[in-house]
Amino acid sequence: MSTGAGRVAAAAEPGVGVVHCVDLVRVYVTEGVEVQALQGLSLEVYDGELTAIVGASGSGKSTLLSVLSGVDQPTAGVAVVAGHNLVGMTRSQRVEYQRGAVGFVTQQTARNLLPYLTAEENIAIVLAVAGRKKHRRRIAELLELTGAADQAGKLPGEMSGGQQQRVAIAVALANEPHVLLADEPTGELDEAATVHVLETMRYVNEQTGTTTLIVTHDASVSEHVRRTVQIRDGRIAAETLRRTEIGADGQPSVTAENFAVLDRVGRMQLPPESIRGLGLRDRVRLLQSPEQVSIRPGPHGRVGGGAGAMPSPRETGAAPGRRGRHAADDDPPAAAEQPDNSGEIFR
Ligand SMILES: Nc1ncnc2c1ncn2[C@@H]1O[C@H](COP(=O)(O)OP(=O)(O)OP(=O)(O)O)[C@@H](O)[C@H]1O
């Protein structure tokens, strides 16, 4: 990969995705106060994948999409999308990137479409800017693809929110982008319209193979995508991969597998529910065998009591007056006697 701005070799190296982020940092400074919106975020999204990024409010989702769409620049780190190095782009490189490499759908239905143009005209204007001719058939194909053929002659104000978003997806796909980015595309929609729009994105991904990244706070998105990535405190923390398998009875069933994400230096975030459920804090016990590593509460963690409970001398293995010592070194047998409430992390 080149380190200069602009176009670089696309995904030539094994393990390098169409979206390639390494240790991304974005620091905002407002009135002298620093906010680290991205804190060393690394992410690969591979060609043709449909991936959702979910996270709580303030976790850094919109900041990541601003960087990936070329609207914002990271403070540090590597961000390459479809062979475009997003760090240090010039204005003309940014325009080329936004016109040709990415399509974008935002949460605000009213912002995705020009209000005084019909659905057809909204698509036509994108094709005209890209210098394409004979676009009538292409417009019809795009509206058909997103299930919005019946909206062709309507103005956005005459459509429902869900219909506007499906037309917006058609507009975003008009110049055949390598990557489709959607920032809370269902944020203003009711449940039924949400399902319809997410299923449209899944269908479009299947039909066109366009690499798609959906950012949302709505965890139910995972029912519509194969890969859900969780962002927490400006970093990727966990992933869920769903697979469809055909059982012995010939019926398909969906299985989901959860992963914690290990960064390049071996750091990993445990899910908050594991931390709360096992009362993990400070030091934890790592139990390693050739096949797995398990985590158990350390000397200060809860074992059978509430999180944050003071440890008894038996739990710490420490005699009165020995609190300053590393109690964990003294009591490995205690862990083996406890119920099997370990947070097993790798197999
Ligand atoms: N322009 C900005 N100036 C200062 N701080 C910002 C700016 N944009 C975002 N932040 C801060 O960065 C952090 C991440 O914000 P971001 O909008 O990326 O989160 P988010 O996960 O998209 O949240 P939400 O779902 O509420 O939109 C937050 O603490 C936010 O207050």
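Reader: Two strands pair if DSSP finds at least two bridges between them. In what sense do β11 and β12 pair, parallel or antiparallel?
Author: Antiparallel, over nine bridges, with β11 covering residues 235–246. Strands here are DSSP runs of E, at least two residues long, and helices are runs of H or I, at least four, numbered from the N terminus. This is a predicted model: local features need pLDDT of at least 70 and side-chain atom pairs count only at pLDDT 80 or more, while totals for chains, interfaces and linings use all residues. Residues are numbered from 1 along each chain as its sequence is written.

Reader: What stands opposite Arg243?
Author: Thr255, in β12.

Reader: And what order do the seven strands of the open sheet have?
Author: β7-β8-β9-β4-β10-β11-β12, with mixed pairing. From one strand to the next the twist averages 20°.

Reader: Which helix packs on the sheet?
Author: α7, residues 191–208. α7 touches β4 (50–54), β8 (179–183) and β9 (211–216), and its direction makes about 160° with that of β9. Angles run from 0 to 180 degrees between N-to-C directions, with axes fitted to C-alpha atoms, for helices over the stretch in contact.

Reader: Different topic. At what angle do α4 and α6 pack?
Author: About 20°, with the axes of α4 (residues 119–129) and α6 (residues 161–173) 9 Å apart. The two helices are therefore roughly parallel to each other (under 35 degrees counts as that).

Reader: Which residues meet there?
Author: Ala119, Asn122, Ile123 and Val126 of α4 meet Val167, Ala170 and Val171 of α6 (contact is C-beta atoms, placed from the backbone, within 7 Å). By class, that contact has six nonpolar residues, one polar and no charged. Ala, Val, Leu, Ile, Met, Phe, Trp, Tyr, Cys and Pro count as nonpolar, Asp, Glu, Lys and Arg as charged, and the others, Gly among them, as polar.

Reader: Now the ligand. Which of the 13 residues around it come nearest?
Author: Tyr28, Ala37, Ser57, Ser62 and Thr63 (near means a C-beta atom, placed from the backbone, within 6 Å). The shell divides into three nonpolar, nine polar and one charged residue.

Reader: Which element gives the most to the shell?
Author: α1, with three residues. β2 (19–30), β3 (33–45) and α1 (61–68) each supply at least two.

Reader: How many bridges do β2 and β3 pair over?
Author: 10, in the antiparallel sense, with Val25 opposite Gln39 in β3. β2 and β3 form a hairpin with two residues between them, and Glu31 in the turn has a positive phi of about 45°.

How values were computed: Parallel < 35°, antiparallel > 145°, perpendicular 65-115°, else oblique. Contact = placed C-beta atoms within 7 Å.
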